[in-house]
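Colleague: I am new to this structure and would like a guided look at it. Could you put it on the screen, please?

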Amino acid sequence: MESLLPILNQPSTRRTALKAAGAALGLAAFGRAVSPLWSIPENVSQEEFLQQHYKELTEEDKRKVLARLEAETKEELGVDVTISDQRPIPGVRFGYAINLSKCNGNGACMKACNEENNHDRGVDQSYIRVLEMPMGSMDMEEGNTTYDHTVPQDDKFYMPVQCQQCDNPPCVTVCPVEATWKEDDGIVVVDYNWCIGCRYCEAACPYHARRFNWEEPEIPADEVNPDQGYLSNRIRPQGVMEKCHFCLHRTREGRLPACLEACPTGARVFGDLNDPESDINWVLKNKRVFVLKEDLGTQPSFFYFFDS
Amino acid sequence: MSSEITQNVSREDAAHPIRSYPKFLWWGLGEATNGGLLFYLWMFALTAIALVGANAWAVQVADGMILTNMTDHVSWGLYIANFTFCVGLAAGGVMMVIPAYLYDDEEMHKVVIVGEAVAIAAIVMCTLSVVVDLGRPDRFWHLFPIIGRVNFPVSMLTWDVFVLNGYLLINLHIVGYLLYMRFLDRKPNPKWYVPFVFLSIFWAISIHTVTAFLYCGLGGRPFWNTALLAPRFLASAFVSGPAFIILVMRILRITTEYSTPPGPARTLIQIIRVAMTVNLLMFASELFTMFYTGGAHGASARYLLFGSHGHYGLVPWIWTAIVCNLAGTVLFFLPKALERSNIRIVACLLCIVGIWIEKGMGLIVPGFIPSTLHEIVEYAPSLVEWKVTAGIWAFGFLLLTVMLKLIVTVFTHEQSRGGQKS
């Protein structure tokens with residue numbers, strides 16, 4: 001037995017040498033065990049690793065970051081994309097409303113979201129979930145998001161849910177590194193290059209509005225939407241959070257969100273809450289609207305209404 | 001810290017060969033890695049498991065968290081469950097400090113230092129459990145003040161990072177200082193440790209309270225959104241910590257000459273009796289509120305205990321926990337049976353397993369089921385998650401073993417030197 005374990009009953013110098021050998025062996029084994037980590041320097045450039053928080057970037061920094069991201073997309077997918085940094089339009093606050101009498105659950109909004117926002121095709125990701133609800137109930141427990149039959153069903157109504165762009169957003173409160181925040185036009189955004197992927201915001205959101213990149217998103221090169229924004233639809237890295245951003249790369253340039261344009265029923269209404277003449281204000285003035293989970297005090301900028 | 005301590009070393013110890021704190025630690029590491037065949041087998045097995053865990057984590061970082069079974073619906077799983085339990089263990093480890101110093105119970109001191117060692121190992125396990133849960137561990141520096149951007153004091157997670165690291169430093173100081181003084185055969189200067197001991201009592205309560213606030217502050221998760229969560233965490237920490245220490249003391253008694261009089265064990269058992277009863281009472285109170293009120297507040301509890309809409313994933317877990325907790329509690333209330341050390345070990349193990357489930361899988365996962373849109377997506381840990389978690393436990397035990405060896409060496413070393421003197 002003693003011969004099996006030479007470290008026992010040895011003079012202390014030899015024992016020390018054996019221990020040192022054991023420690024070296026252990027360290028070598030550890031280095032081998034964590035060797036998959038060496039893929040990080042291949043995927044994360046030094047500039048990316050050292051990049052500062054979005055709010056601390058100067059105009060010059062931003063220009064470099066955007067150019068680097070564009071070059072990386074070109075290198076990885078062979079696609080030429082334009083990544084811009086659209087800022088809020090001064091004085092504008094966006095609001096969204098859905099007419100539940102019109103929505104028929106066809107899911108065109110989800111498909112449009114998937115394509116517009118360069119979502120992972122593998123899981124058909126989208127920022128929108130549509131609940132099929134039985135008539136006569138507002139209890140989400142009765143709802144079903146995985147329906148797979150012709151729509152609309154006679155005894156059902158359909159309720160799309162996406163980020164409610166809360167005025168009191170719990171996701172922003174909990175983020176430990178301020179990687180997500182609310183912008184002046186009411187849109188809650190994520191800096192995909194600052195998020196550490198702890199998913200605390202996903203636990204905090206009462207509307208299931210946040211998504212995590214469990215792996216590198218997969219998008220065929222010919223399906224990439226080249227019109228991209230830094231805080232919106234650019235291709236996200238693995239391991240970070242993302243969410244609906246009201247298509248800010250479109251809406252801050254005066255266009256409408258992709259989900260609204262795709263909707264064949266006209267159920268979706270989008271506009272500037274500060275503009276008395278906007279469509280969204282017409283809805284707020286003329287329809288009895290409600291918000292989801294009002295009791296939580298999140299104060300959504302997203303409204304629902306029925307025609308009659 | 002070490003320079004302060006070296007200043008305190010008096011001239012009368014001139015004969016002592018080792019006088020600086022770093023040298024003491026180096027000597028201690030050498031002593032702590034001496035042992036018999038069983039010891040080396042134990043350390044080898046732990047190292048092997050820790051390496052398997054490290055490898056599984058590295059693969060997870062490279063290929064993505066897709067290798068876990070977490071989803072956008074259940075976005076925290078085994079890692080955060082284990083984290084929550086370890087915070088309790090760390091807090092509970094130091095609860096022993098309260099009777100020892102508050103009531104000046106001299107006999108407790110030998111147990112206290114073991115408790116602090118358990119706390120240190122548990123805190124390291126907490127930190128590891130959080131790190132492995134991060135999607136982007138390469139961005140960890142974003143959490144540091146000044147170079148990163150810390151959402152303090154609004155985000156409870158930044159509080160947690162702060163209190164856990166603070167707690168680690170406090171306990172490292174106390175254990176290191178007391179051991180070093182004992183090693184030098186000097187009476188510890190109360191100025192250098194009593195304030196820290198009181199700080200650590202306050203701090204132990206804060207780490208578990210802040211961890212509970214992490215969950216109970218979320219309005220969108222009715223299952224967690226209860227003011228009773230922090231008190232429940234504390235009550236169960238008062239059970240799992242002492243139970244773990246009783247087990248460690250038992251192992252030390254069998255494998256080393258380090259033994260304590262029965263007094264401290266009796267104190268620990270008393271603490272467990274009271275804390276477990278309070279814990280079960282609060283659990284029952286929680287269940288009443290959830291089931292009597294019903295609706296959204298009851299949905300998670302219904303899924304957890306009885307299953308919901310044909311999904312029963314957590315039912316075996318929680319009933320195992322309930323049976324373990326109840327059986328453990330009953331044993332702790334049978335003084336005659338508890339006299340037998342085997343029964344005592346079983347009782348401690350039952351409570352530890354029960355609380356690991358109740359505060360882990362039974363608390364974190366049902367918070368996500370049903371989801372905020374009332375979808376039911378179930379969760380069971382993947383092989384990678386089990387490997388990583390086992391690796392973290394193995395590393396924790398590795399640390400604890402080394403610390404305990406050091407403690408035992410210093411204490412018995414002192415005894416033998418004392419013997420020579422007299």
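Modeller: Let us begin with a proline: P153(B) sits in the loop between α6 and α7 (156–183) of chain B. Please keep in mind that this is a predicted model.

Colleague: What is the peptide bond from F152(B) to P153(B) like, cis or trans?

Modeller: That bond is cis, and its omega is near 5 degrees. Chain A also has a cis peptide bond, between V151(A) and P152(A), where omega is about -10 degrees. P152(A) belongs to the loop between β3 (129–134) and β4 (156–161) of chain A.

Colleague: Which residues does A122(B) touch, leaving aside its neighbours within four places in sequence?

Modeller: A122(B) is in contact with C86(B), L89(B), A90(B), G93(B) and G396(B). Of these partners, A90(B) is also listed among the residues with the most contacts inside the core.

Colleague: How much of chain A is buried?

Modeller: Buried residues account for 41% of its 308 residues. As for contacts in chain A between residues at least 6 apart in sequence, 64% join residues at least 24 apart.

Colleague: What about strand β2 of chain A, and why is it described as largely enclosed?

Modeller: Six of the six residues of β2 (residues 94–99) of chain A are buried, so the strand is largely enclosed by the rest of the structure. Both of its faces are covered: F94(A), Y96(A) and I98(A) are buried on one side, and G95(A), A97(A) and N99(A) on the other. In a regular strand, side chains alternate between the two faces of the sheet.

Colleague: In which sense does β2(A) pair with β10, parallel or antiparallel?

Modeller: The pairing with β10 (residues 268–272) of chain A is antiparallel and has five bridges; within it, G95(A) is the bridge partner of G271(A). With β12 (residues 302–305) of chain A, β2(A) runs parallel over four bridges, and I98(A) stands opposite Y304(A).

Colleague: One last topic: what is the phi of E178(A)?

Modeller: Phi of E178(A) is positive, about 55 degrees, although this residue is not a glycine. E178(A) is in the loop between α6 (170–174) and β5 (180–182) of chain A. It counts as buried because it has 21 C-beta neighbours inside 10 Å.

Colleague: And where is H208(A) found?

Modeller: H208(A) is in the loop between α7 (200–204) and β7 (210–212) of chain A. Its phi is also positive, near 50 degrees. H208(A) has 20 C-beta neighbours inside 10 Å, so this residue counts as buried.

Definitions and conventions:
Residues are numbered from 1 along each chain as its sequence is written. Chains are lettered from A and ligands numbered from 1 in the order in which they are written. This is a predicted model: local features need pLDDT of at least 70, side-chain atom pairs count only at pLDDT 80 or more; totals for chains, interfaces and linings use all residues. A nonpolar core is a set of buried Ala, Val, Leu, Ile, Met, Phe, Trp, Tyr and Cys residues joined through C-beta atoms within 7 Å. A residue is buried if 20 or more other C-beta atoms lie within 10 Å of its own, exposed if 12 or fewer, and partly exposed in between; C-beta atoms are placed from the backbone. Two residues are in contact if their C-beta atoms, placed from the backbone, lie within 7 Å. Helices (H or I, at least four residues) and strands (E, at least two) are DSSP runs, numbered from the N terminus. Two strands pair if DSSP finds at least two bridges between them.
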